[in-house]
Amino acid sequence: MRDTAQVGEFTVPKLDAFNPLKHVKLQDMRRESDRNGREITNFHLPHTKAAPQGEDVNWARQNGPSDPEFTLNNHLRVNNLLPESPLFAYRDGPKGILKPLTRNKFISTLSLAARHYFSVAIEVI
C-alpha cells in the first residue's frame, strides 16, 4: 500500500478513455482504520504502470484548509456520482453531463486556481 500517487493514476488521458478495469471509480473508495485506529480514506487503483494488478493508496484527514477529506466530500456532493462513475468526474454544460477528469483538465484548472490565488494575494498586499 502506497501513500502517494501521481495525477495520471486518478485521471484519464482523454475524455473517451475511461476504462472501469483500469481507472479508479467511486466504488473503489472506502473508509478504513489504520493500525493506530485513525480513520483513513483508501482508494484501490485497478491498474498502474508499477502494479498492473492494482494497488491501494490512501490519505488521512488533515487539520486546516488543505484537508483532502473536506474537498473530496464537497466534490461528491456537487457531482452526485454513481458507484461505477470515474472517481474524479465533473458535471459539464447545461445538461450536467458527467465527464471524467483528464490530466490536461486537472493541470489547467490547477494552474487557473493558482493564478487566481496569487492575484488575490497580491491585491491584499
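Trainee: What should I know before I read any values?

Mentor: This is a predicted model, in which local features need pLDDT of at least 70 and side-chain atom pairs count only at pLDDT 80 or more, while totals for chains, interfaces and linings use all residues. Residues are numbered from 1 along each chain as its sequence is written, and side-chain values use heavy atoms, with hydrogens and water left out.

Trainee: Where is confidence lowest, and where is it highest?

Mentor: pLDDT is the predictor's confidence in each residue, from 0 to 100. The protein averages 88, and 91% of the residues score at least 70. Helices (H or I, at least four residues) and strands (E, at least two) are DSSP runs numbered from the N terminus; confidence is lowest in helix 2 (residues 103-124), at a mean of 80, and highest in strand 5 (residues 97-100), at 95.

Trainee: How is a pair of aromatic rings described?

Mentor: Such a pair is described by the distance of the centres and the angle of the planes. Rings of Phe, Tyr and Trp (its six-membered ring) pair if their centres lie within 6.5 Å, and planes under 30 degrees apart count as stacked, over 60 as edge-to-face and the rest as tilted. By this rule the count here comes to three aromatic pairs.

Trainee: Which other ring forms an edge-to-face pair with Phe-10?

Mentor: Phe-88 does, with 5.8 Å centre to centre and 70° between the planes. Phe-88 lies in the loop between helix 1 (68-79) and strand 4 (89-92), so the pair ties together parts that are 78 residues apart in sequence. Ring pairs link Phe-10, Phe-43, Trp-59 and Phe-88 into a cluster.

Trainee: Is Phe-43 buried or exposed?

Mentor: Buried means under 20% relative accessible area, exposed over 50%, and partly exposed in between (1.4 Å probe, protein chains only). Phe-43, at 2%, counts as buried, whereas Phe-88, at 22%, is partly exposed.

Trainee: How many cavities of 30 Å³ or more does the structure hold?

Mentor: A cavity is a set of points, on a 1 Å grid over the protein atoms alone, where a 1.4 Å probe fits but cannot get out, and lining residues have an atom within 4 Å of a point. A volume is the space filled by probe spheres set on the points, which are joined across faces, edges and corners. The structure holds one such cavity, and the largest cavity has about 50 Å³ of space. Its lining includes Phe-10 and Phe-88.

Technical notes: On a 1 Å grid over the protein atoms alone, a cavity is a set of points where a 1.4 Å probe fits but cannot get out, and a pocket is an open set with protein on both sides within 12 Å along at least five of seven lines; lining residues have an atom within 4 Å of a point.
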